[in-house]
Amino acid sequence: MRFALNHLFAPATAPLYLCQMQLPKNKFKANLHSPTHGIWHSLVNTYAAEICAGAGFDWVVIDPEHAPFELTDVLHHLQVLSGYPGVSAVVRPPGHDAAYI
C-alpha cells in the first residue's frame, strides 16, 4: 500500500510551466478604463449579430431582457460572435433567475 501511495503522489515528469493552462485574456474587462465602442443587440436573428460583430465594435451586448430571446437563441448568438476574436460578447440576463444565469 505504501508503494501505491508514493506512486500516486510522485512529482510530474513535465516542468510546471508546461502543465499550466493559458487562459484567454478578457479584452472587455481589460479595456474598462479606456474608450471603447459597442452596441446593444436586441434582434433575435443571428445574421444581425454577425453584422454587428463585423462592423468593428469592441463589444456586443446581447439583451434578452428587452427582446424575445430564448436560451438557445443566446447560445447561437454567442457561437456567431466567437468567430470574431476582437469582439467581446456580454449577455444581459432577462431577470434574476439563477437557472438562466
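The model is predicted: local features need pLDDT of at least 70, side-chain atom pairs count only at pLDDT 80 or more, and totals for chains, interfaces and linings use all residues. Residues are numbered from 1 along each chain as its sequence is written, and side-chain values use heavy atoms, with hydrogens and water left out. Helices (H or I, at least four residues) and strands (E, at least two) are DSSP runs, numbered from the N terminus.

**Helix 4**

- Helix 4 spans residues 46-54, and its buried residues (under 20% relative accessible area, 1.4 Å probe, protein chains only) are A48, A49, C52 and A53.
- These residues fall within an arc of 140° seen down the helix axis, so they line one face of helix 4; the arc is that of the directions from the axis to the C-beta atoms.
- The face turned away from the buried side carries Y47, I51 and G54, which are exposed (over 50%).
- Cover for the buried residues includes strand 1 (38-41), strand 2 (59-62) and helix 5 (71-81), where contact means heavy atoms within 4.5 Å.

**Ends of helix 4**

- At the start, a side-chain oxygen of N45 comes to within 2.9 Å of the backbone nitrogen of Y47.
- G56, with a positive phi near 100°, follows the helix.

- An open sheet is formed by 3 strands in the order 1-2-3, with parallel pairing (at least two DSSP bridges between two strands).
- Strand 1 and strand 3 (88-91) are the edge strands, each pairing on one side only.
- Strand 2 is joined to strand 3 by 4 bridges; W59 has S88 in strand 3 as its bridge partner.

Conventions. A polar contact is a pair of N or O atoms within 3.5 Å; within protein, one must be able to donate a hydrogen and the other to accept it, and residues adjacent in sequence count only if both atoms are side-chain atoms.
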